[in-house]
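Here are a few notes to read alongside the structure. Keep the view open and find each element as you go.

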Amino acid sequence: MRSIGVDFGGTGIKGAVVDLAAGGLASGRHRIPTPRPSTPEAVAETIASVVDEVDEELACDGPVGVAVPAVVTAGTVRSAANIDDGWVDFDGDGFLTERLGRDVRLLNDADAAGLAEMRYGVGEGRSGTTVLLTLGTGIGSALFVDGRLVANSELGHLQMWGDSAEEQAGAKARERLGLDWEEWVVTRVNPFLAYVESLLWPDLIIISGGISKKPERFFPYLRTRAEIVPAELENNAGIVGAALAAQEGTG
């Protein structure tokens, strides 16, 4: 079974055909720069172009899942922290379904990554409470209880250091503050993780995003009560999770 996954990011919109039995890409990953401004109309045209490119390589008549950097409820985008304000209260499912002429399902990008990791990665078969965190430009989060997604957790917006946690503890903050890996983890990441643990008491924490490709740089300094592990699917997680959500109606 196959469907198309699209990951709408701040700098690029990436897509591929996903083999849902194996949990991996069945086609190459196609990428087009995110338009500026990233209005719904402009992004829809770019997504359509990405899907066309994917279809040219490997035809797929399955649904399309789109991971977006925003809160999504019942197909409607509810926030726009890192995208154009025109997305707020915009019916993304309906608009993109009409534009692409095929079923489209939107969901939060961290939730998409979490779905992929829970089905095919390090979270497979895990019960209890699992939190996935993407430590990138900001901090994305996905929350699972006994394998079921609790959508739109947005833990990066917790208030710390007089600001949002994602502004003060994300990977971009490490560069802005001139911290080495150990300083960043000890002074920023560990306090954030402690706050998350005090609220949710997770059994497992998964660190996702591009930063998870080289966990040796920072994992030795992490201190948590919960088991903490790097993600397995890395930068393909959003695409895989979006395709999975489109096929199964999750997210």
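1. Start with threonine 73, which stands opposite threonine 76 in β7. Please remember throughout that you are looking at a predicted model. Strands β6 and β7 (residues 76–77) run antiparallel, and two bridges join them.

2. Now widen the view to the sheet around that pair. It is an open sheet of three strands, ordered β6-β7-β8, and the pairing is antiparallel. Its edges are β6 (72–73) and β8 (90–91), each of which pairs on one side only.

3. A second open sheet has five strands, in the order β12-β11-β10-β15-β16, and here the pairing is mixed. The edge strands are β12 (148–150) and β16 (227–230), and each of them pairs on one side only. On average, neighbouring strands in this sheet are turned by 25° against each other, if you ignore direction.

4. Another helix to trace is α6 (residues 181–200), which lies across β10, β11, β15 and β16. Relative to β10, α6 runs at about 150°.

5. How do α3 and α7 lie relative to each other, parallel or perpendicular? Helix α3 (residues 109–120) and helix α7 (residues 237–248) pack at an angle of about 85°, and their axes are 7 Å apart. Angles of 65 to 115 degrees count as roughly perpendicular, so α3 and α7 are roughly perpendicular to each other. The residues that meet include Ala112, Leu115 and Tyr120 in α3, and Val240, Leu244 and Glu248 in α7. By class, this contact has ten nonpolar, two polar and two charged residues.

6. Finally, zoom in on asparagine 108, which sits in strand β9 (residues 104–108). Is asparagine 108 buried or exposed? Its relative accessible area is 2%, and buried means under 20%, so asparagine 108 is buried. Leaving aside residues up to four places away in sequence, asparagine 108 touches Val68, Ala70, Val71, Val72, Ser141, Asn152 and Glu154. A polar atom of the asparagine 108 side chain also lies 3.0 Å from the backbone nitrogen of aspartate 111.

Definitions and conventions
Residues numbered from 1 in each chain as written. Predicted model: local features only at pLDDT ≥ 70, side-chain atom pairs only at ≥ 80, totals over all residues. Heavy atoms only, no water. Helix = DSSP H or I, 4+ residues; strand = E, 2+ residues; numbered from the N terminus. Buried < 20%, exposed > 50% of the residue type's maximum accessible area, 1.4 Å probe, protein only. Polar contact = N/O pair within 3.5 Å; in protein donor to acceptor, adjacent residues only side chain to side chain. Contact = heavy atoms within 4.5 Å. Pairing = 2+ DSSP bridges. Axes fitted to C-alpha atoms, helices over the stretch in contact; angles between N-to-C directions. Parallel < 35°, antiparallel > 145°, perpendicular 65-115°, else oblique. Nonpolar A, V, L, I, M, F, W, Y, C, P; charged D, E, K, R; others polar.
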